[in-house]
Amino acid sequence: MKILAFGEVLLRLTVPEHLMLTQTDELRMSTVGTGVNLLSSLTHFGYRTRLLSRLPDNALGQRAAGELRRYGIQDDYVTFGGQHMGAYFVELGYGSRPERVTYQDRLSSAFCQQPPDDQEIAAALVGCQFVHICGITLSLTAPVRQAALRLAQQAHANGQRVCFDFNYRQQLNTGVAHETLKARYQEILPYVDIVFGSKRDLTALLDYPDDEDRTQSANRESEAALYEQFVRDYHIDYFAGSYRYQVGQQLVVGKARPLMILDRIGSGDAFASGIITGLIEGWSLQKTTDFAIATAILAQATVNDAPEFTKEMVLADMASDGQLELIR
């Protein structure tokens, strides 16, 4: 099984020891990004993965490519050009102090300025069964948005399963009209089979009605109806979110688990990798949901965005209900 992801490779600069950015002269550097995070997790689950992206043609880009190979991600379709790589600074939260992210200028990165062309897209799709596209691409430059749409259209035409993560970022959409952004999502969704998102994505971004003034049980029924309407409207096979998993008219709720947050960034990507794993393995919806939740919880207990847990480690965590104290 081979999975292709399309997305930007980012440089993460983490402030050590829970310090604030203003308190340190040291930073820890790592290579991340939605596609990188997802593929790192799936690679460690035992699948073959491939990234379609672009890195700067300098030592920084070469270092990032080496990091991709260390994760086990095939980088044959990562090209080089330009001089800039998108980056962000992370200050880890502690207690009541939340985690904070400060982005550098992403729109001038090599990926945003010159994404893959049609020939590169066609070559990267060969031999892949799943294709993952991050919704952040719809908030970047026009060439990136166009490449994401062409990739979805071509994969859909090929009969490959297209996964799409809403991954909406307000910081990247300052000055963009709501109707413009909504139209971008509506344009790509008809070519998608599996969607990762939330109730907020459907109500705030796609303008589905939001009935909040209800009892808890009525809210659950209303939310299920919302998801069912969405998958019917866009002919989606699966809709998955952090708390609930939707397919057809069946709503599966994952078991509540205790959560200790060390670093929450990338947990949504970990969750998506768990859902994709369950679909590949043909697991029941309940096992798939529980596996995805366990993967996300473990990711939040680890610093850095790209998970490196094996499938066996996640299954052991599930079997112990999150109480495993020793890995032998």
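## Around Thr 43

In this predicted model, Thr 43 touches Thr 49, Tyr 71, Gly 72 and Ile 73, leaving out residues up to four places away in sequence. Thr 43 belongs to helix H1, which covers residues 34-44.

Is Thr 43 buried or exposed? Its relative accessibility is 17%. Buried means under 20%, so Thr 43 counts as buried. Its side chain also has a polar partner: the side chain of Thr 49, in a polar contact at 2.7 Å.

## The nonpolar cores

The largest nonpolar core has 46 residues. Which of them touch the most other members? They are Val 9, Leu 51, Phe 130, Phe 196 and Ile 276. Helix H10, residues 285-300, supplies the largest share of this core, with 8 residues. A second core is separate and has 44 residues. Leu 4, Phe 166, Leu 181 and Val 231 are among them.

Now take Ile 276. Set aside its neighbours within four places in sequence, and Ile 276 is in contact with Leu 38, Leu 42, Phe 130, Cys 163 and Phe 196.

## Helix H9

Helix H9 runs over residues 267-281. It has 15 residues, so at 1.5 Å a residue it should span 21 Å. Its end C-alpha atoms are 21 Å apart, which agrees.

How many residues of H9 are buried? The count is 13 of 15, and H9 is mostly covered. Just after H9 comes Gly 282, with a positive phi of about 70 degrees.

Key. Residues numbered from 1 in each chain as written. Predicted model: local features only at pLDDT ≥ 70, side-chain atom pairs only at ≥ 80, totals over all residues. Heavy atoms only, no water. Core = buried A, V, L, I, M, F, W, Y, C linked by side-chain atoms within 4.5 Å. Buried < 20%, exposed > 50% of the residue type's maximum accessible area, 1.4 Å probe, protein only. Helix = DSSP H or I, 4+ residues; strand = E, 2+ residues; numbered from the N terminus. Contact = heavy atoms within 4.5 Å. Polar contact = N/O pair within 3.5 Å; in protein donor to acceptor, adjacent residues only side chain to side chain. Expected span 1.5 Å × (residues − 1).
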